[in-house]
Each structure stands twice: as C-alpha cells, then as structure tokens.
There are 2 protein chains.
Amino acid sequence: MTSSAIREILKITQRPEVISFAGGLPAPELFPLAEIREATEKVYADHGPAALQYSTTEGHLPLRTWIADRGGLAPDQVQITSGSQQGLDLLGRVLIDPGDVMLVESPTYLGALQAFAPYRPRFVEVITDDDGVVPEALEDQLRTTPAKLIYLVPTFQNPTGRTLSVERRRQLLEITKRHGVTILEDGPYNELRFRGERVPTLFELALADGTPVDDLNVIMLGTFSKVLAPGLRDAWVQGPRPVIDKLVMAKQAADLHSPTLNQLIVTELLDDVLPRQIKIISAEYGKRAAVMINSIAENFPPGVACTDPDGGMFCWVQLPTDAGIDTEPMLAAAVDRNVAYVPGRPFFASGIGHNTMRLSYVTSTEQEIRAGIEALGAVIEDQLVGRAQLR
Amino acid sequence: MTSSAIREILKITQRPEVISFAGGLPAPELFPLAEIREATEKVYADHGPAALQYSTTEGHLPLRTWIADRGGLAPDQVQITSGSQQGLDLLGRVLIDPGDVMLVESPTYLGALQAFAPYRPRFVEVITDDDGVVPEALEDQLRTTPAKLIYLVPTFQNPTGRTLSVERRRQLLEITKRHGVTILEDGPYNELRFRGERVPTLFELALADGTPVDDLNVIMLGTFSKVLAPGLRDAWVQGPRPVIDKLVMAKQAADLHSPTLNQLIVTELLDDVLPRQIKIISAEYGKRAAVMINSIAENFPPGVACTDPDGGMFCWVQLPTDAGIDTEPMLAAAVDRNVAYVPGRPFFASGIGHNTMRLSYVTSTEQEIRAGIEALGAVIEDQLVGRAQLR
C-alpha cells in the first residue's frame, strides 16, 4: 500500500460520520482565538505597515530573545522557522551529506523521515523500548556503524507517546558525545505533560555541566504549533552559532524569512496567554487520553498492546505479531465502521511495523473516543477471527 | 568583496540619514493597512479556529481557484508558496539535477541564483540587450550548449527594469520549445506598469495557441508581495500538473503548508483591494521613477548609462567600462556621503559587472531621490576623476 493510497483513505475520514484518530491536529476548540484576535489588532496598531513589510531572515528579535532567555542562550543561537517541519528540512540541508548515517528511533516521526530523505542520509533504526532508545543497544550500534546524527523525539514521542527517562538522557548524551554524534532533539510536545514530573530536555541536560552552547552536540527544535495554534507556522531551532549561521543562509535561499505578522502575533502572546494555554491544553488532553486508554483496555482483544503516555497527543497500538494482521489494508475495514487511524509502517525507516497503528486522542470528544475505540476494537476482533479461521 | 561584506555595509544604510536605493522593499506607506486589518477581522469572524488550524499543502482552495480562473487554469495547476523565493527553491528541488545547464539572463535576479545554487546547476548566461534576451544569441547558444531550463524575469526585470518585447517572447517560446527547454517565468512586478501597453506573459502567449496547460514548457511564478504586502509571504507557482504534483510533495517535506491565516487574509482582498492597490502603487512608482531618471540625467557624469523602465521597482546603472571603477569598493564612499545602492556583480552568474549597480526608486520620497542621486553623482564623479589622475 502506497502512502498516497493511505492519503486517499484518510481523505474519506473527513466525512463527518467518521471518528478519526488519524490526524495530528491540536484541538481547535482550545485555540485562544479571542486572545489571538486581540493580539493581532494590537500588532497592527503598534507596528503599522512594518507588520506587513519584509523582515530579517533570522526572525523577529524580541521573539528570538524570549526563546533565548528561557533556554540560557543568546538570540543569535536561535533561528525562527515556518513550523518545525521547516527546521527539519533546513537542518537536513546544512547537516546531511548523501550517505551520512542518521540514527532514528524505531518507530520515528514520519514527517522527519520525509524532511531528511531528499538529502539522502542512510537511516539506521535504533532499538527502543517503553523508555525510549536503549542506551546499551545504541552503544553497540555505534561501535559497528559510526553515525553523524541521531534524530530523537524524546518527550511524548510521535508516534508512540513514549518519554525517554532522565537516566537514559544522561547516558545518551555521554555516548553520543564520545562517538561524535550530533543529536537533533525535536520537542513539539514538551510542554503538554498531564501526568508525572517534568523531565529536562537533552539540550538542558547538555548545558547543565557548563558546556558553552556553541560547543554542544545537541540542536533542539521547538514550536508554538501545539501550544498556541499551528496555522500561524511559528517555530524555531536553537543550537550552536556555527549551525544557526548556516541555517540563516539556508533559510534565506529557501523563503527569505517567516511571515512578519505571524511572528509579531506570537510575540504578544508569550507572557500571559502561552502559560495559560499550556495548562488548559494539557489538562484537557490528559482527560481524553485517560478515556482512550481505558476504552482500549475494555474493548480491544487480549494480546493487543497500547502505550500509556504521560503527555502529548498520541498513543501507539501493537497487534499480536503472530496474528498476521496488516493495519494498512485493515484501515479500509475501519473506515467502513466509521473510525480511522494511521497505519504504523510509514513511521519505520526500515518499513517494518505492519502490526502497528497510531491513535490521536486530542481531536475527538470523550464520547467520540468511546464510540470510536469500541468500533475499532470490533474491527480488530473481526481480523483476528478471520485470520484464525484461515489457519 | 564578499557578499557578507556588502551586507555589512548595507546594514549601515539603516541609519536614518542614509538615503538608500539599495533595498527591494515595496513602499510601506502604500500598503493597504486599513483594508488588511479589516480583512483580518473578517477572517477571524468567518472562519474562527479554522483560520489558525493546519491546512492543506496545496494551499487554500478559493485562493488557488481565483489564481487559476484568472489564468485559464484548474486549481490543481496552482501551488501556493511562502513568497516566490520558496517557489524558486521548490522548483530547483524538483527540476534541477546536479550539472544540469540552467540559462539565466545577464544580469539576473540574485535571489534566484541563491535559490537554485544548492541544487548545483551549471549556470550559463544568455546575452541580453535593452529588450531583454537576444533570441538569435539564445538559438546559437542552445546549438552548442543544450540546456534543461531557462530562468527569466521578462517584465520590469530585477535588477535592470527591462522588459522583453512581445516579438521576442514569441521567438523565445518557439526556440525553447524546439530545443526542449523549460522556461521558469518569474513575474513579481508584472502588474506594476506605469507606462506603455501591457505585454502578455510568456505563460499567456504559450497558452494562446491552444496548447493544454499540462503540455506547456512554461512554469510561472506570481506573488502578492509587491501588490499587497510582502510580510504576509503569499505567492504561487502555476504550471503543468506533473510539475505541480511534484511541488506539492516537495512543499510537504519543506514546511507542510503556508500559514492558513495569511492565505485567508489575501483571499479577502482579491476582488476589491487588489485592483485598487495596483493602480495606486503603479502611479506612485511611476512618479518616483521619473524623478530618479531625470535626476540621473542631470547629475551623473557623461558616459554613465541608465535603463528607463516602464514599470517595476528598479533601474540599472552602468559606468563606463573603460573607467576601471568597481562599484563594490565605491559603495563605502557612497555610504560616506549618505547614499546607498546594490553593487551589480552579484546579479551576474559569471561574476562580471563590476561597473554596474541597481537602484530602487520605490522606498524614497521624491525629495530624497533628488538629494540621493545628486550625492551619488558626486561620488561617481570623484571616482572618475581619481581614476583619470592615476593614468
């Protein structure tokens, strides 16, 4: 099944009767619409035509300064991008030479694979478990396969919802430093924790021992898409100046600069609206996650495993490997029952994962989640019975 | 002199006492600020959170439909981009393989050279005169140097302000078709005519003989940056479906989609504000161009040539080739006299053009233009006298 075939099926899920767990869309009813309207009016009133004029490639200085201050950086260690997707693309452009080994989690964020692929790295999957990348396995792999880069979503990962433990973060930093591997830490969901204690980012941990930012082997991507609104396309990359300098040149060639208006709007929202939104969104996503996890426990057949995330937007379902079910053709059966998901295979660089799927719990109501998971449970049950009868 | 050295000098031109003809910035006092504010409010009121949600990679359908209708196309022959710069980048991505010959005007738009360079084409300059590319020269060149692409700004060119004549447009279409060359027609200034009759685009001429859009050898880039406001970053590429389909994939990897809000705002402005703005901007730019051209005639030493554009934002100055003046080091002398320009060399793929410079007449008042040109005339005079004494 091709990715365009999946896209065609997923188009059907836009029918109102289909309960879709497929999208990665933040809940629109939680967007701070009134506050963004007000901020927009203020931007026009305060900045006048400058809000609509060309601006610098690096990005709006007050916005970069806020990001920098929060992370113990200087503003010229921050590059504003049009969504984190552009950050991934530009990092691929300046860091990857064809054939470079790039380590990725198994599974990893499929949009990152798409962003990096044009620069033709050799993707190598790193073994993971419920706590994320397994450090011992990484160490073993690096001994035989020297790598230039490792791409990680360590917190509330897309697609699994898993979080790399603090202990493992320290180990990963130590191992990658020793082997000369640069970490690309993608953190779009970092703030969306609804359970447990905050875990420091790899970037924060790397800075904590006093290493200057310019000497770090960690580059971090952050975004306002999941905590304010994705349609503004405001995100950033933070890291050592030599990397940021190259990103500035790449960004200038790619699209000159991100829209002026959008950066000014986000800047207005940083101090008051953003922290409030983070609380509102996290709490609501936590409720929806609990409903989904509980419904899965009640409705899915025995032998089906699901992650139990502490934050973020996704959980990850694994059907019994010996049952022979492929979630790609199963999607058509699910859509027939008015429920949708994303098949897991495209999240694996190696093309495995036919028995997996990603579910988002954030764009459906609690009632829809219950109904959708019940329907999906029945679809899986049918497949298991069907497969068993074939034997 | 490196491009970063030039950038450093141009930073000085942000001092208020410096009259800068260097920028390519549309006049901000002509932006339809009130109308854009009103349109923004309407977008929030009509679309609610959808104005801030993820949207499709192809771009907002009503916007693509409007562009398509105007050009006799279908909406799926239009891809929305974040500025024309992104259109150039994405076209480079999907059309250029390393070593492909890409023909460019001599001089050409330097941002296009920057956009295409990462894809490593072999740039070959085409001979031009006051009417643009010389067809006979192009024919000769193609006989010995088969090319894949030709990049053209045929109307009110950046940097020269020149317009390719209708007769030559027809000849170019015929020649490129015969030699299997695809034309990338960049038209950011097309609507900004202040003198003479409208000239059809290459794209329009190619369609006129009944060729289906999907069979054209012309791809066109258009933008709202110069006719509404550049800070919104709304532009497009139109052309055959096979190319647009590839652009959609490339855009998805590069930044998922252009900001939803910005596309909705521009869509609101298409029917009333846009045609009014085109009239207002063209008329005002025409006045400023006339003041600059007249001041140059009065103040520049004999032997200095300048183009006399019928529209757009730029004119192009050539100092006597035998005078040995280099406009790059001369820029420091100009900035000392509080006037600035862009040295011409970066606009040549071959690195010639030391005796040339680009002047923009759109971001200065008539009074500033007179004072700035007088100062620049004195700088050139000084250089000529200095050079003559050295002999």
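With which residue does Glu17(A) form a salt bridge? The partner is Arg15(A), and the closest N and O atoms of the pair are 3.0 Å apart, a salt bridge being a side-chain nitrogen of Lys or Arg within 4 Å of a carboxyl oxygen of Asp or Glu. Glu17(A) counts as partly exposed at 44% relative accessibility, and Arg15(A) likewise counts as partly exposed at 35%, where buried means under 20% relative accessible area, exposed over 50%, and partly exposed in between (1.4 Å probe, protein chains only).

The model is predicted, with local features needing pLDDT of at least 70 and side-chain atom pairs counting only at pLDDT 80 or more, while totals for chains, interfaces and linings use all residues. Residues are numbered from 1 along each chain as its sequence is written, chains are lettered from A and ligands numbered from 1 in the order in which they are written, and side-chain values use heavy atoms, with hydrogens and water left out.

Within chain A, the axes of helix α6 (residues 135-144) and helix α7 (residues 166-178) come within 10 Å and cross at roughly 10°; helices are DSSP runs of H or I with at least four residues, and strands are runs of E with at least two, numbered from the N terminus. α6(A) and α7(A) are therefore roughly parallel to each other, a description applied to angles under 35 degrees.

Glu139(A) is buried, with a relative accessible area of 13%, whereas Arg143(A) is exposed, with 57%.

In chain B, the side chains of Arg70(B) and Glu191(B) meet in a salt bridge (3.9 Å, N to O). Arg70(B) lies in helix α3 (residues 61-71) and Glu191(B) in the loop between β8 (182-186) and α8 (202-208) of chain B, so the pair ties together parts that are 121 residues apart in sequence. Over all chains, a search of the whole structure finds 53 salt bridges.

Key: Axes fitted to C-alpha atoms, helices over the stretch in contact; angles between N-to-C directions. Parallel < 35°, antiparallel > 145°, perpendicular 65-115°, else oblique.
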